[in-house]
Amino acid sequence: MSDLYIRVIPTDPQWQPTVEAAARAAEYVAELFVGPGDHVESVEPVFHERVTLIDGGEYMEDIFCSRCKASIGVDWFWDLLISRNGGRGAGEPTIDDLGVTVPCCSAALTLPELRFEGPVGFARFEVSAMNWTRQVRDLSDAELAAVGDILRHPVTQIHAHY
Ligand SMILES: [Zn+2]
């Protein structure tokens, strides 16, 4: 049994909406799965106490340096997360410090500046749509803008497959 998610997150990793706006944003996202043949198991607003990795599950295959373009590899990333979580690798990794020195060219960057394939995010809030079926895989720019209007902050989407 695998799970499919669309995770809608603020573009600023630290930013959080009000509880009311979060609930309204989740209601709006749920309405994006009501077309013919569309389905979604649940759509929930989720607050994370600390900045949390919004990962893509099996979609995450590699990481590239935004400075020298080298492939960094996901092992480096998981080792980094475990070290920043006090040695813990399980659960939802939190990352208070997004600054990193990349191993390829020793540039001082931040994790959101790296190029992840597929994309991941870093956030303290998400609208999580679980086990969905939809004619169009990606939420459109207009749909994301509407969520951003409700939350009063721009958002992006992360696809995840576990
Ligand atoms: Zn580099």
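Student: Starting with helix 3: which exposed residues sit on the face turned away from its buried side?

Tutor: Asp141 and Ala142 are the exposed residues on that face. One caution before we go on: this is a predicted model.

Student: Noted. Which residues of helix 3 are buried, then?

Tutor: Val147, Ile150 and Leu151. Looking down the axis of helix 3, its buried residues fall within an arc of 95 degrees, so they line one face of the helix.

Student: What follows helix 3?

Tutor: Arg152 follows helix 3, and its phi is positive, near 70 degrees.

Student: Let's zoom out. How many helices and strands are in the protein chain?

Tutor: The chain has 3 helices and 8 strands. From the N terminus, the order is β-α-β-β-α-β-β-β-β-α-β. The radius of gyration is 16 Å, close to the 15 Å that the globule rule gives for 162 residues, so the chain is as compact as a globular protein of that length.

Student: What box do the C-alpha atoms fill?

Tutor: Roughly 50 × 30 × 30 Å, along the principal axes.

Student: How much of the chain is buried?

Tutor: Buried residues are 28% of the 162 residues. As for contacts, take those between residues at least 6 apart in sequence: 77% of them join residues at least 24 apart.

Student: On to the sheet. What is the strand order in the open sheet of 4 strands?

Tutor: The order is 2-7-1-8, and the pairing is antiparallel.

Student: Which strands stand at the edges?

Tutor: Strand 2 and strand 8. Each has a single partner strand, so one side of each is left without a neighbour in the sheet. From one strand to the next, the twist averages 25 degrees.

Student: How many bridges does each pair have?

Tutor: Strand 2 and strand 7 pair over 11 bridges. Strand 1 and strand 7 pair over 4 bridges. Strand 1 and strand 8 pair over 7 bridges.

Student: Which residue stands opposite Glu44 in strand 7?

Tutor: Ser128 stands opposite Glu44. Also in strand 7, Ala129 is the bridge partner of Ile6. Over in strand 8, Val155 stands opposite Pro10.

Student: Which strands does helix 1 lie across?

Tutor: Helix 1 lies across strand 1, strand 2 and strand 7. It runs at about 140 degrees to strand 2.

Student: New topic, the core. How many residues does the largest nonpolar core have?

Tutor: It has 32 residues. Those with the most contacts inside it are Val8, Ile9, Ala25, Val29, Ile54, Val127 and Val147. Several elements supply at least two residues each, among them helix 1 (19-30), helix 3 (141-151) and strand 2 (39-54).

Student: Which element gives the largest share of this core?

Tutor: Strand 7, with 5 residues.

Student: What does Val8 touch?

Tutor: Leaving out residues up to four places away in sequence, Val8 touches Val29, Glu126, Val127, Val147, Val155 and Gln157.

Student: Last one, Ser71. Where is Ser71 found?

Tutor: Ser71 is in the loop between strand 3 (62-64) and helix 2 (74-84). It counts as exposed, because it has 12 C-beta neighbours inside 10 Å. Beyond its neighbours within four places in sequence, Ser71 is in contact with Asp62 and Phe64.

Student: How far apart are Ser71 and Ala142 in space?

Tutor: They are 33 Å apart, C-alpha to C-alpha. In sequence, Ser71 and Ala142 are 71 residues apart.

Note on methods
Residues are numbered from 1 along each chain as its sequence is written. This is a predicted model: local features need pLDDT of at least 70, side-chain atom pairs count only at pLDDT 80 or more; totals for chains, interfaces and linings use all residues. A nonpolar core is a set of buried Ala, Val, Leu, Ile, Met, Phe, Trp, Tyr and Cys residues joined through C-beta atoms within 7 Å. A residue is buried if 20 or more other C-beta atoms lie within 10 Å of its own, exposed if 12 or fewer, and partly exposed in between; C-beta atoms are placed from the backbone. Two residues are in contact if their C-beta atoms, placed from the backbone, lie within 7 Å. The radius of gyration is taken over C-alpha atoms; the globule rule is 2.2 Å times the number of residues to the power 0.38. The arc is that of the directions from the helix axis to the C-beta atoms. Two strands pair if DSSP finds at least two bridges between them. Axes are lines fitted to C-alpha atoms, for helices over the stretch in contact, and angles run from 0 to 180 degrees between N-to-C directions.
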